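Please walk through the fold and its charged pairs with the structure at hand.

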Amino acid sequence: MFPSIFFSQENKNKLFYGIKVGATQSTLSPDLTDINGNKNDFRNKTGFTFGARLQVETNKNFGLLTEFNFVEKGAKNFIDYGDGYLYNSSSFLSTYAELTINVLRQFSSKQGKFMFGGGPSLSLNTNLEIKELNKSDFGVNVLAVYQLPIGFSFELNYNKGLKKHKVNNYSLSTQELSTSVFGFSIGYLF
């Protein structure tokens, strides 16, 4: 049954290549308390994403979308020193090279195509100077895409990191963080 859903013999698989560019909002969780009792409150940091994609239409209802993107992950860090005020301590972004493989459910019409789905993601950090983030990340990606017949697409996605990042900062050395990224992007298929 599984192969017949994705690879129908009556329809040939269609391959499309494309590009995408967009903006991201990323953060780290949970908020942490350092060894001095100061609360570190992580907030969204704006970044970017861009990359290449391969879209496979296996039949009229299902498809695969594989992407290789550069995605910025990070956060703004505000610290409460116990006086009730949040002080902007630092903010950091690190660019990850990320591979995602998404299974898509497709709904077609003359005006375009809606696609919903998700899948795993694997990322490698290209900036190892950011102490709060590891050199790799593994997560789950969920996305919604609207694709026009002329090849342009509009995409919303959410990626939740499942790997725990052990913070190397001296005051937070026993803590673990995970990433989350919300993105909006525009794509084009050739």
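Contact here means heavy atoms within 4.5 Å. In this predicted model, Asp-41 touches Asp-31, Lys-76, Asn-77, Phe-78 and Leu-86, leaving aside residues up to four places away in sequence. Asp-41 is part of strand S3, which covers residues 39–43. Because buried means under 20% relative accessible area, Asp-41 counts as buried at 11%. The side chain of Asp-41 also forms a salt bridge with that of Arg-43, at 2.9 Å from N to O. Arg-43 is partly exposed, with 37% relative accessibility.

Of its 190 residues, 44% are buried. Among contacts with a separation of 6 or more, 63% are between residues 24 or more positions apart. The accessible surface is about 10400 Å², and carbon and sulfur atoms contribute 62% of that area.

Side chains of opposite charge can pair when their charged atoms come close. The structure holds eight salt bridges. One of them joins the side chains of Lys-20 and Glu-67, at 3.4 Å from N to O. Lys-20 lies in strand S1 (residues 14–29) and Glu-67 in strand S5 (residues 62–80), so this pair ties together parts 47 residues apart in sequence. Lys-20 is buried at 7% relative accessibility, and Glu-67 is buried at 2%.

Glu-67 also forms a salt bridge with Arg-53, with the closest N and O atoms 2.3 Å apart. Arg-53 belongs to strand S4 (residues 45–57), and the pair is 14 residues apart. Both Arg-53 and Glu-67 are buried. Through shared partners, salt bridges join Lys-20, Arg-53, Glu-67 and Glu-155 into one network.

Technical notes: Residues numbered from 1 in each chain as written. Predicted model: local features only at pLDDT ≥ 70, side-chain atom pairs only at ≥ 80, totals over all residues. Heavy atoms only, no water. Helix = DSSP H or I, 4+ residues; strand = E, 2+ residues; numbered from the N terminus. Buried < 20%, exposed > 50% of the residue type's maximum accessible area, 1.4 Å probe, protein only. Areas by Shrake-Rupley, 256 points an atom, 1.4 Å probe, with all protein chains shown as cover. Salt bridge = Lys/Arg side-chain N within 4 Å of Asp/Glu carboxyl O.
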